[in-house]
Amino acid sequence: MSYVLGVDLGTSAVKVSAVDRNGNIVAQESFDYELSNPKPGYSEQNPEDWVSATTVSIVRLILNDGIKPEEIEGISYSGQMHGLVLLDENKQVLRPAILWNDTRTTKQREEILDVMGDEFIDITRNQPLEGFTLPKILWVKENEPNIFAKAKTFLLPKDYLRYRMTGEIAMEYSDAAGTVLLDVAKKEWSKTVADKFGIPLDMCPPLIESIGFAGNISESYSLFAGLTQDTKVFGGAADNAAGAVGSGILAPNMVMASIGTSGVVLKYDDNADVDYKGKLHFFNHAIPDKFYTMGVTLAAGYSLSWLKKTFGPTDDFTDFVSSAAESKVGANGLVFTPYIVGERTPYADADIRGSFIGIDGTDTRSDFVRAVLEGIIYSFADIMDIFDENGQDFDTVVSIGGGSKSPLWLQIQADIFDKKVVSLENEQGPGMGAAMLAAVGLGWFDTVQDCAAEFVHFGKVYTPNAENVEKYKAMHKIYKQVYPATADISHQLLDYRRKY
């Protein structure tokens with residue numbers, strides 16, 4: 001037998017999947033690690049924890065699941081994005097990694113826009129949000145100058161893990177785009193951006209494709225993990241790019257709607273001709289010379305988890321969600337905005353907070369549950385409206401994550417989007433995408449699309465109900481008025497929370 005390993009390096013755990021030539025996951029192991037919050041707004045991890053957790057997972061695949069080392073032909077990765085790992089001249093880690101959800105860099109974000117303005121967005125195709133890597137580098141430069149002076153290169157989380165497994169330094173394009181140091185269209189580090197902020201261009205690592213060969217397992221890691229040095233290692237991809245591959249988002253007519261703690265709407269783009277002026281994230285795809293556009297709802301699944309924890313802590317989760325069927329389309333006129341931890345798209349506003357609008361004395365808990373389900377999808381529809389405004393057409397939405405687990409919620413998506421919505425029979429998201437990149441890198445398939453035809457299987461199709469579509473259009477029009485009408489009040493209330 002022959003296998004590839006897909007290593008999904010997340011924020012709280014790593015999951016390693018062994019996949020055969022037919023796309024079957026034959027074994028899977030995972031291992032958790034700690035998140036450190038040394039100060040409010042700080043989010044850090046020890047990169048050594050990623051290496052140890054991945055190694056334990058691989059060893060378990062070999063010892064517990066019977067995967068023979070010589071059967072593992074290739075390995076690739078999906079990784080949490082934007083995290084900053086600084087290395088010195090000996091390639092030793094200089095400080096804990098600063099993660100994607102760290103918010104200490106507001107000053108640096110503002111500095112980037114003050115210095116470069118629209119020129120920055122023209123080059124990187126993205127706004128310099130707090131979560132991205134460049135603001136983190138500037139924070140270290142300004143606040144830890146002794147560490148910055150020792151830094152010779154930087155890597156992102158999965159790229160550091162790959163370095164530790166191969167001994168080779170590199171970064172692949174889909175993750176490099178999220179540093180906002182990359183000229184996305186030209187696929188090269190931007191000397192203009194680096195020079196503006198005093199970052200030596202040689203700090204930026206060599207670039208490779210997601211399916212590009214990154215090296216074999218090194219002798220030292222072979223001894224450490226029990227793998228053979230014949231195992232080939234490939235670039236891998238940012239988690240959302242890998243998730244798109246694993247979900248079959250490989251054509252311009254398809255969009256992915258992913259509901260995890262946060263929510264992502266992601267569209268495949270054939271080329272870099274479209275320019276969203278920074279309103280959406282625009283990154284290089286895991287497929288060579290292709291791109292993807294992405295909008296983010298910060299509290300998608302988290303909004304539903306909050307509602308259940310607060311108002312149905314002992315309820316079965318499936319029953320809690322299903323209770324929304326007792327309400328009506330439009331939740332009897334109740335609207336929820338899912339801004340409970342701030343928002344990113346289309347409102348880059350860390351201080352906005354969520355709301356229920358239109359509460360009536362006749363409302364029941366099922367109305368509130370349905371309002372939350374619908375509000376999350378209205379926020380996704382806001383992102384899709386930006387696609388429409390830029391002439392980007394699509395006809396299929398692939399729903400993954402929590403939104404794909406409920407037939408009711410899948411139908412709500414179809415009705416609000418007014419598009420057909422499909423789920424996956426074998427949803428494994430980023431981990432499967434990582435395995436697919438290794439399979440293509442090895443030559444099992446000529447293209448990622450060929451691999452998807454074998455590995456990705458779509459499930460039931462949900463089609464829009466015309467009557468519901470019209471009702472939801474009216475409700476979404478009302479929903480879109482809530483942010484501009486309440487933002488100032490919401491900001492004042494948050495100030496009050498912080499003060500008192």
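Let me begin with a term: a helix here is a DSSP run of H or I that is at least four residues long, with numbering from the N terminus. In that sense, and bearing in mind that this is a predicted model, Asp367 sits in helix α13, which covers residues 365-389.

What does the side chain of Asp367 make a polar contact with? Its partner is the side chain of Ser327, at 2.6 Å, and the side chain of Asp367 also reaches the backbone nitrogen of Thr364, at 2.9 Å. Asp367 is buried and yet has no salt bridge, since the nearest side chain of opposite charge, that of Arg370, is 7.6 Å away, whereas a salt bridge is counted within 4 Å.

Let me turn now to the pockets. The largest pocket holds about 1700 Å³ of space, and 49 residues line it, with Thr11, Trp100, Thr261, Ser262 and Leu298 lying nearest its centre. By class, that lining is made up of 18 nonpolar, 21 polar and ten charged residues.

The second largest pocket has a volume of about 400 Å³, and of the 13 residues that line it, Ile340, Arg353, Gly354, Ser355 and Arg497 are the closest to its centre. Which element gives the most to the lining of this second largest pocket? That is α17, with six residues; α17 spans 466-499, and both this helix and β21, at 355-357, supply at least two residues each of the lining. Divided by class, the lining of the second largest pocket comes to seven nonpolar, four polar and two charged residues.

Technical notes: Residues are numbered from 1 along each chain as its sequence is written. This is a predicted model: local features need pLDDT of at least 70, side-chain atom pairs count only at pLDDT 80 or more; totals for chains, interfaces and linings use all residues. Side-chain values use heavy atoms; hydrogens and water are left out. On a 1 Å grid over the protein atoms alone, a cavity is a set of points where a 1.4 Å probe fits but cannot get out, and a pocket is an open set with protein on both sides within 12 Å along at least five of seven lines; lining residues have an atom within 4 Å of a point. Grid points are joined across faces, edges and corners, and a volume is the space filled by probe spheres set on the points. Ala, Val, Leu, Ile, Met, Phe, Trp, Tyr, Cys and Pro count as nonpolar, Asp, Glu, Lys and Arg as charged, and the others, Gly among them, as polar. Buried means under 20% relative accessible area, exposed over 50%, partly exposed in between (1.4 Å probe, protein chains only). Lys and Arg count as positive and Asp and Glu as negative; His and the chain ends are not counted. A polar contact is a pair of N or O atoms within 3.5 Å; within protein, one must be able to donate a hydrogen and the other to accept it, and residues adjacent in sequence count only if both atoms are side-chain atoms.
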